[in-house]
Amino acid sequence: MEDDVHTLAAEQGLNLEALRAALAALRMHAGGDAFYVFWLPSGSVASADGHKRPRTLLAFPSPDAALGFAQRNRLVRPQNVPRLRLLSLVQLLRAMLREPSITALHLVFDAEDLQSYPPGHLPPGLHLTRDDVLRLIGVR
């Protein structure tokens, strides 16, 4: 993981200590360092006109929480089966900083019962916009 931190700092021209501090704060607030995200096939996130639409990177503390959310919100369809990937916080930040269409990161809290939240709503978690992330890592 330390290699990933160094890589991200070098790629984005970030202060290494500020990045480490930001990751420690995120870890504390989010309750973990590794999260499961849906990985959709290329092209499945484009809008009808071919442009990438703004997206929120939704990250779950467990595969069960992720799949339960997907089923509850009818995100799993035969023609567009999402895959789960386990990513560290530094990998999530890297994805967000490299892909301008990712406008927010939502780290879902380890909720006992995600089924109690209505479909179409984000489950409880730490919601960070791109500007929040840039401030946190010392860019703005």
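Me: How many aromatic pairs does the count come to?
Reply: The count comes to two aromatic pairs, given that rings of Phe, Tyr and Trp (its six-membered ring) pair if their centres lie within 6.5 Å, with planes under 30 degrees apart counted as stacked, over 60 as edge-to-face and the rest as tilted. One of them joins Phe38 and Phe60, whose ring centres are 5.9 Å apart and whose planes stand at 75 degrees, so this pair is edge-to-face. Phe38 belongs to strand β1 (residues 34-39) and Phe60 to strand β2 (residues 55-60), so the pair ties together parts that are 22 residues apart in sequence.

Me: What kind of model is this?
Reply: This is a predicted model, in which local features need pLDDT of at least 70 and side-chain atom pairs count only at pLDDT 80 or more, while totals for chains, interfaces and linings use all residues. Residues are numbered from 1 along each chain as its sequence is written, and side-chain values use heavy atoms, with hydrogens and water left out.

Me: How many helices and strands does the protein chain have?
Reply: The protein chain has five helices and five strands. Helices (H or I, at least four residues) and strands (E, at least two) are DSSP runs, numbered from the N terminus. Read from that terminus, the elements run α-α-β-β-α-β-α-β-β-α.

Me: What is the strand order in the sheet?
Reply: The five strands make an open sheet in the order β3-β1-β2-β4-β5, with mixed pairing; two strands pair if DSSP finds at least two bridges between them. β3 (83-88) and β5 (125-129) are at the edges with a single partner strand each, so one side of each has no neighbour in the sheet. Neighbouring strands are turned by 30 degrees against each other on average, direction ignored.

Me: Which way do β1 and β3 run, parallel or antiparallel?
Reply: β1 and β3 run antiparallel and are joined by six bridges. Phe35 has Leu87 of β3 as its bridge partner.

Me: What does α3 touch on the sheet?
Reply: Helix α3 (residues 63-72) packs on the sheet and touches β1, β2 and β3, its direction making about 35 degrees with that of β1. Axes are lines fitted to C-alpha atoms, for helices over the stretch in contact, and angles run from 0 to 180 degrees between N-to-C directions. Contact means heavy atoms within 4.5 Å.

Me: How are β2 and β4 joined?
Reply: Five bridges join β2 to β4, and the two run parallel. Leu57 is paired with Leu105 of β4 as its bridge partner. β1 and β2, by contrast, run antiparallel with two bridges between them, and Tyr36 stands opposite Phe60 in β2.

Me: Next topic: which residues of α1 are buried?
Reply: In helix α1 (residues 2-12), Val5, Leu8 and Ala9 are buried. They cover an arc of only 100 degrees around the axis, which puts them on the same side of α1; the arc is that of the directions from the helix axis to the C-beta atoms. Exposed Asp3 and Ala10 sit on the face turned away from the buried side. The cover over the buried residues of α1 includes α2 (16-30) and α4.

Me: And which residues of α4 are buried?
Reply: Leu89, Val90, Leu92, Leu93, Met96 and Leu97 are buried in α4. Their arc is only 160 degrees around the axis, which puts them on the same side of α4.

Me: Last one: where is Ser101 found?
Reply: Ser101 is in the loop between α4 (89-98) and β4 (102-108). At 7% relative accessibility, Ser101 counts as buried.

Me: What does the side chain of Ser101 make a polar contact with?
Reply: The partner is the side chain of Glu99, at 3.0 Å. A polar contact is a pair of N or O atoms within 3.5 Å; within protein, one must be able to donate a hydrogen and the other to accept it, and residues adjacent in sequence count only if both atoms are side-chain atoms. Leaving aside neighbours within four places in sequence, Ser101 is in contact with Lys52, Arg53, Pro54, Arg55 and Arg130.

Conventions
Buried means under 20% relative accessible area, exposed over 50%, partly exposed in between (1.4 Å probe, protein chains only).
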